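Grab a pencil and keep the viewer open.

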Amino acid sequence: MLTRNCLSLLLWVLFDGGLLTPLQPQPQQTLATEPRENVIHLPGRRSHFQRVKRGWVWNQFFVLEEYMGSEPQYVGKLHSDLDKGEGTVKYTLSGDGAGTVFTIDETTGDIHAIRSLDREEKPFYTLRAQAVDIETRKPLEPESEFIIKVQDINDNEPKFLDGPYIASVPEMSPVGAYVLQVKATDADDPTYGNSARVVYSILQGQPYFSIDPKTGVIRTALPNMDREVKEQYQVLIQAKDMGGQLGGLAGTTIVNITLTDVNDNPPRFPKSIFHLKVPESSPIGSAIGRIRAVDPDFGQNAEIEYSVVPGDGGNLFDIVTDENTQEGVLKLKKPLDFETKKAYTFKVEASNLHLDHRFHSAGPFKDTATVKISVLDVDEPPVFSKPLYTMEVYEDTPVGTIIGAVTAQDLDVGSSAVRYFIDWKSDGDSYFTIDATEGTIATSELLDRESTAQYNFSIIASKVSNPLLTSRVNILINVLDVNEFPPEISVPYETAVCENAKPGQIIQIVSAADRDLSPAGQQFSFKLSPEAAIKPNFTVRDFRNNTAGIETRRNGYSRRQQELYFLPVVIEDSSYPVQSSTNTMTIRVCRCDSDGTILSCNVEAIFLPVGLSTGALIAILLCIVILLAIVVLYVALRRQKKKDTLMTSKEDIRDNVIHYDDEGGGEEDTQAFDIGALRNPKVIEDNKIRRDIKPDSLCLPRQRPPVEDNADIRDFINQRLQENDVDPTAPPYDSLATYAYEGDGSVADSLSSIESLTMEADQDYTYLTDWGPHFKVLADMFGEEESYNTDKVT
């Protein structure tokens with residue numbers, strides 16, 4: 001380096017005329033051959049056409065970075081052609097780093113770097129130079145700008161900014177498979193020398209991987225690398241500058257490479273036979289054991305599917321895959337019985353779910369193993385011979401009758417005796433009992449099918465050697481019917497017959513009902529009772545299909561003669577013992593039209609004209625009621641009007657009589673005499689106090705002796721006269737009294753029917769027979785009385 005500095009200084013000395021050049025030679029610099037010229041025009045010295053001599057001439061200066069000398073590093077020299085060496089010119093420096101990094105000798109123009117520089121921190125500095133007259137302080141030259149460039153040295157090693165690296169490549173990849181590309185960065189100047197030219201190499205990781213020296217691409221170097229043999233690789237990569245030459249700086253990084261899995265291995269059972277022991281009491285669906293096939297692959301490439309190979313015992317077991325552990329879980333499909341079969345043998349197959357076709361040539365990706373299961377004996381409860389017992393018993397069976405039995409036995413090797421008892425929770429009424437040893441069931445109460453037709457309860461069997469081991473079975477007992485109820489007629493019990501019915505006409509079809517549980521094919525028979533079979537108006541025709549018809553035996557029926565008929569019907573069943581009952585049907589005679597449609601069955605309709613409808617009859621009755629109401633109202637109004645007229649007449653007479661306010665008796669005393677009493681004798685009875693005088697406070701009570709019902713009219717009148725004579729309140733004049741009494745002296749004679757001269761023999765009651773059977777009885781009664789009176793007279 002010292003040699004280059006000296007050479008630069010020598011070249012600078014050789015230049016004349018104020019030319020500024022860099023001290024260090026720059027081979028790659030192209031501007032050195034074309035220096036920039038600064039022309040300074042000094043006033044008063046040069047003519048317009050005179051060629052101007054250049055004042056400042058220099059290229060850029062260079063300074064070495066990282067200078068470690070004891071003296072300041074010389075950079076270059078500034079010189080003006082106006083400087084004659086007389087010390088009249090002063091040089092100044094300004095710009096980047098002036099005074100702090102770079103200094104200038106004011107007299108000679110020498111520039112020095114006063115501290116070490118780092119190109120990576122600042123690659124160049126832009127400065128301005130000025131030549132000033134030392135006396136006048138005026139510029140001799142225009143200010144000029146120049147650059148001091150920091151010349152690079154190889155002081156930075158390559159660095160992997162993204163390291164360390166993580167990469168992966170599938171196992172079994174061929175040679176040259178791409179893995180990763182790394183990149184190192186050198187902070188030195190890439191345009192100057194080889195300081196930034198990097199070369200890559202592998203320091204650790206051969207022979208598995210290789211790297212391209214220029215691009216940094218890492219590739220596989222060995223074929224068929226197996227993940228199951230080695231999965232992780234750590235590769236050390238070096239990047240060296242100066243093109244890898246001796247003396248260059250180097251940087252390293254680590255690349256962690258993982259081989260990813262491919263399905264290149266089939267599952268394998270670690271042993272060919274698996275032995276399992278299963279208790280016979282294991283429930284269906286429970287896991288009875290686990291087996292596992294080993295697959296060195298990873299992830300979905302290691303997923304295994306298990307299956308049971310059809311064969312001996314394979315139909316009793318099933319196998320499923322545990323997704324977490326990839327184990328085969330054996331499950332029970334059917335119950336095991338140690339006493340029936342003690343061992344089972346079958347095969348299980350394991351295969352991969354996700355296959356890689358590149359490795360099919362290696363063979364089938366599955367494996368098989370044999371499973372042997374030994375059934376363990378377990379102390380089990382007794383077993384009933386049937387899952388359900390059904391029994392039958394007739395109702396009214398005597399208490400203690402055995403109706404059936406249940407059987408349970410211990411199937412274990414060491415057989416134990418069994419005891420039976422009824423579960424009272426299901427048979428709370430205790431209609432049955434069971435023998436604890438034999439298992440026979442008997443009745444404990446009388447049974448009634450009509451009350452309970454079926455009983456359902458449970459029987460428990462337990463082992464004598466271990467009473468806690470019990471089993472249960474349901475008992476269903478059907479109570480059979482005994483023929484104890486007679487059949488009866490189903491509704492209706494009442495029917496109707498038309499008056500114009502013909503003989504042999506079916507007016508009603510009846511059926512029978514039996515409260516007993518009738519067996520299939522039971523027949524009911526229908527017939528008349530013996531007492532009704534003599535000259536019957538109706539008969540019963542049995543259709544032999546559990547129904548019968550009520551048949552007429554007459555040509556027409558009359559409601560006037562007989563409205564109701566009662567027909568006793570005898571019904572018998574076919575069960576044993578035979579039960580029968582007599583049922584009485586009511587037959588009502590009704591009026592019908594020519595088509596047999598019933599018009600009326602009421603008794604009142606007999607007295608109404610034939611052909612009137614029900615609506616017309618109701619209208620006629622309403623009219624009669626309205627007429628009766630009108631008549632009653634008219635009579636009431638008539639009586640009220642008559643009373644009002646009498647009172648009005650009295651008032652009119654009073655209004656027409658002149659009143660003179662004189663006292664005394666006589667006919668002309670209108671105040672004391674009320675002429676209205678002549679018109680209405682009852683007024684005397686209502687008002688007996690005189691109006692012309694004030695009556696005394698003491699009044700004798702009227703004595704009214706009772707009148708005999710058969711007294712003579714004259715005695716009655718005399719009694720009334722005596723009452724008026726002794727009555728002090730009676731007026732002193734005559735008054736008219738009317739006595740409404742009927743007797744022998746009446747002009748109209750007596751109105752009573754007693755002792756009437758007209759005899760009942762003069763009456764003819766034969767017309768009543770036309771009104772119906774009820775009135776015919778009335779006519780016969782009066783006719784008999786008439787004949788009796790005639791015989792008595794004769």
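**Exercise 1. Find the ring that lies under the charged end of Lys122.**

Step one: go to the charged end of Lys122, which sits over the ring of Tyr125, 5.3 Å from the ring centre. The criterion here is that NZ of Lys or CZ of Arg is within 6 Å of the ring centre and within 35 degrees of the ring normal. Step two: look at Lys342, which lies over the face of Phe338, at 4.8 Å from the ring centre.

A word on what you're looking at: this is a predicted model, where local features need pLDDT of at least 70, side-chain atom pairs count only at pLDDT 80 or more, and totals for chains, interfaces and linings use all residues. Residues are numbered from 1 along each chain as its sequence is written, and side-chain values use heavy atoms, with hydrogens and water left out.

**Exercise 2. Work out how the rings of Phe61 and Phe146 are arranged.**

Start with the idea: a pair of aromatic rings is described by the distance of the centres and the angle of the planes. Rings of Phe, Tyr and Trp (its six-membered ring) pair if their centres lie within 6.5 Å; planes under 30 degrees apart are stacked, over 60 edge-to-face, and the rest tilted. Searching the whole structure gives 16 aromatic pairs. For Phe61 and Phe146, the centres are 5.5 Å apart and the planes at 70°, so this pair is edge-to-face.

Phe61 is in strand β4 (residues 61-64) and Phe146 in strand β10 (residues 144-151), so the pair ties together parts 85 residues apart in sequence. Strands (E, at least two residues) and helices (H or I, at least four) are DSSP runs, numbered from the N terminus.

Then check burial. Buried means under 20% relative accessible area, exposed over 50%, and partly exposed in between (1.4 Å probe, protein chains only). Phe61 is buried at 0%, and Phe146 is buried at 2%.

Now try the pair Phe269 and Phe274: the centres are 5.9 Å apart with 70° between the planes, which is edge-to-face again. Both Phe269 and Phe274 are buried. To finish, look for the cluster in which ring pairs link Tyr431, Phe432, Tyr455 and Phe457.

**Exercise 3. Find the residues with the most contacts inside the largest nonpolar core.**

A nonpolar core is a set of buried Ala, Val, Leu, Ile, Met, Phe, Trp, Tyr and Cys residues joined through side-chain atoms within 4.5 Å. The largest one has 25 residues, and Phe269, Phe317, Val371 and Ile373 have the most contacts inside it. Among the elements that give two or more residues to this core are β18, β19, β23 (343-352) and β24 (366-376).

Zoom in on Val371. Leaving out neighbours within four places in sequence, its contacts (heavy atoms within 4.5 Å) include Phe274, Leu276, Ile291 and Tyr344.

**Exercise 4. Is Ser286 buried or exposed?**

First, locate Ser286: it's in the loop between β18 (273-279) and β19 (287-291). Second, read off the accessibility: 19%, so Ser286 is buried. Third, check the side chain, where a polar atom of Ser286 lies 2.6 Å from the backbone oxygen of Pro283. Last, skip the neighbours within four places in sequence, and Ser286 is in contact with Leu330, Lys331 and Leu332.

**Exercise 5. Which cysteines are joined by disulfides, and what is the handedness of each link?**

One joins Cys498 to Cys592, S to S 2.0 Å. With -85° about the S-S bond, the Cys498 and Cys592 link is left-handed. Cys498 lies in strand β35 (residues 494-498) and Cys592 in strand β41 (residues 580-592), so parts 94 residues apart in sequence are tied together. Cys498 and Cys592 are both buried.

Cys590 and Cys601 form a disulfide too, their sulfur atoms 1.6 Å apart. The torsion about that S-S bond is about 110°, so the Cys590 and Cys601 disulfide is right-handed. Cys590 is buried, with a relative accessible area of 0%. Finally, number the bonded cysteines in sequence order and the pairing reads 1-3, 2-4.

How values were computed
A polar contact is a pair of N or O atoms within 3.5 Å; within protein, one must be able to donate a hydrogen and the other to accept it, and residues adjacent in sequence count only if both atoms are side-chain atoms. A disulfide is a pair of cysteine sulfur atoms within 2.5 Å.
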